Amino acid sequence: MIGYATLGSNDLARAAAFYDTLLADIGARRLWEFERGICWGTSDSAPALAVMKPYDGQPATVGNGTMIGLVVDQRALVDKVHAHALALGGKDEGGPGLRGEEFYGAYFRDLDGNKLVCFTMAK
């Protein structure tokens, strides 16, 4: 049901370098880009993630309680994406582990402070 989610950035080139590298871990690539933003995904028919400079020209800010979930098919990939995000300069918001009986996730913030979780329901 979700077509895409958008995160704001005040430095699109820096955000692009972070997400080009990080999202390649899960098989995503740039689907489209223009002067205000870039969108990554695995196909044109699957949900995607966009990073944009705000339309109103005001600075991008982090939404408290806002988070994007990146789903993968194995726990080892959750671990890899989390470690890679930190290596790229992201901030740890909760390392890989079980939350409940099946949800395995790891939380981090990107270079602009946006919060993401990489997760799987796979055992």
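Predicted model: local features only at pLDDT ≥ 70, side-chain atom pairs only at ≥ 80, totals over all residues.

Strand 5 and strand 8, residues 115-120, pair in the parallel sense, and I counted 5 bridges for them. I then looked up Ile68 and found its bridge partner in strand 8 to be Leu116.

Next I asked where this pair sits: in what order do the strands of the sheet run? The sheet is open, has 4 strands, and reads 5-8-7-6, with mixed pairing. Strand 5 (67-71) and strand 6 (91-99) stand at the edges with a single partner strand each, so one side of each has no neighbour in the sheet.

Then I checked what helix 2 does. Helix 2, residues 75-87, lies across strand 6, strand 7 (103-109) and strand 8. Its angle to strand 7 is about 10°.

How many disulfides does a search of the whole structure find? My search returned 0. Cys39 is in no disulfide, and the nearest cysteine sulfur to its own belongs to Cys118, 17 Å away. I wanted the reason from the side of Cys118 as well: its closest cysteine sulfur is the one in Cys39, and 17 Å is too far for a bond, because a disulfide needs the two sulfur atoms within 2.5 Å.

Are these two cysteines buried or exposed? Cys39 has 3% relative accessibility, so I logged Cys39 as buried. Cys118 has 0%, so Cys118 went down as buried too.

Key. Residues numbered from 1 in each chain as written. Heavy atoms only, no water. Pairing = 2+ DSSP bridges. Helix = DSSP H or I, 4+ residues; strand = E, 2+ residues; numbered from the N terminus. Contact = heavy atoms within 4.5 Å. Axes fitted to C-alpha atoms, helices over the stretch in contact; angles between N-to-C directions. Buried < 20%, exposed > 50% of the residue type's maximum accessible area, 1.4 Å probe, protein only.
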